Amino acid sequence: MSNILLAGNAITAEILFSYLKSDARYNVAGCIVDDAFVDKNGISGCRTIGVSEAVDTFQPATHRVIMAMGYNDLNRSREAMFTRLRSMGFSIETYIHPDARIYSETPVGEGSVVLPGAVVEPHARVGANAMVWSNVTIAHHSSVGDHCWVAAGTVVSGQARIQRNTFLGVNSTVVNDVSVGEFNIVGAGAMISRETKPFSVHLARSAEPFRYSSEEYVKHFGI
């Protein structure tokens, strides 16, 4: 059993803590956050300490870190903590939930997290410190770069390429053989069918109210 520290103490960390409590491979020893956030948020049953005290409290030789932070500032905050903890001597654990399916021979990148129901197909690549949420498909010969966030239900189609620090929203789709530029935001439900420029934003058109009421719609069109 590995002793684990969660880098984070907010919603993402709370979810990962729940998974890890029922995973016999791990024992969660505490949460590490920037010193300014020690008294903010917090998870019941998980001690929080500032990063400045981490080495004195938890020895890097006996504790590994799972990245449990959100996607603030296009994942730059997550990237900065990842880099800082590595420089302090901590090993960053690659966490693959037992109900995720990894079929690629290429190892998932250091510090990445792959949650239940996600599928990484043969010849696909996932970079370092990426978050692959539940029910995501990373299809054959595609790649997800370092420090990306791939939200639930996303499909990255065959041979597609997601560049570093990009956020893919819930149920977004990137079609075959398309490159999504670095530091992109792809909104929930959006479909990317052509290459995108770095630092660009792509949002699906919000659902608009239909001109019929729900009762009228069912009467005329069924459901």
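Mentor: Let's begin with the count: there are 8 salt bridges, where a salt bridge is a side-chain nitrogen of Lys or Arg within 4 Å of a carboxyl oxygen of Asp or Glu. Please keep in mind that this is a predicted model, in which local features need pLDDT of at least 70 and side-chain atom pairs count only at pLDDT 80 or more, while totals for chains, interfaces and linings use all residues. Residues are numbered from 1 along each chain as its sequence is written, and side-chain values use heavy atoms, with hydrogens and water left out.

Take Glu 79 and Arg 164, whose side chains meet in a salt bridge with an N to O distance of 2.9 Å. Glu 79 belongs to helix α3 and Arg 164 to the loop between β16 (161-162) and β17 (167-168), so this pair ties together parts that are 85 residues apart in sequence. The names come from DSSP runs numbered from the N terminus: helices are H or I runs of at least four residues, and strands are E runs of at least two. Glu 79 has 18% relative accessibility and counts as buried, whereas Arg 164, at 29%, is partly exposed. Here buried means under 20% relative accessible area, exposed means over 50%, and partly exposed is in between, using a 1.4 Å probe and protein chains only.

Now follow strand β16 to another pair. Asp 177 forms a salt bridge with Arg 161, and their closest N and O atoms are 3.1 Å apart. Asp 177 sits in the loop between β18 (173-174) and β19 (179-180) and Arg 161 in strand β16, so the two tie together parts that are 16 residues apart in sequence. Asp 177 is partly exposed at 45% relative accessibility, and Arg 161 is partly exposed at 26%. Glu 195 joins in too: Arg 161, Asp 177 and Glu 195 are linked in a network of salt bridges.

A further salt bridge brings together the side chains of Asp 73 and Arg 76, at 3.1 Å from N to O. Asp 73 is partly exposed, with 48% relative accessibility, and Arg 76 is partly exposed as well, with 32%.

Arg 76 leads us back to helix α3, which covers residues 76-87. Its 12 residues should span 16 Å at 1.5 Å a residue, and the end C-alpha atoms are 16 Å apart, which agrees; the expected span is 1.5 Å times one less than the number of residues. The buried residues in α3 are Arg 78, Glu 79, Met 81, Phe 82 and Leu 85. Seen down the axis, these buried residues fall within an arc of 165 degrees, so they line one face of α3; the arc is that of the directions from the helix axis to the C-beta atoms. Just after α3, Gly 89 takes a positive phi of about 100 degrees.
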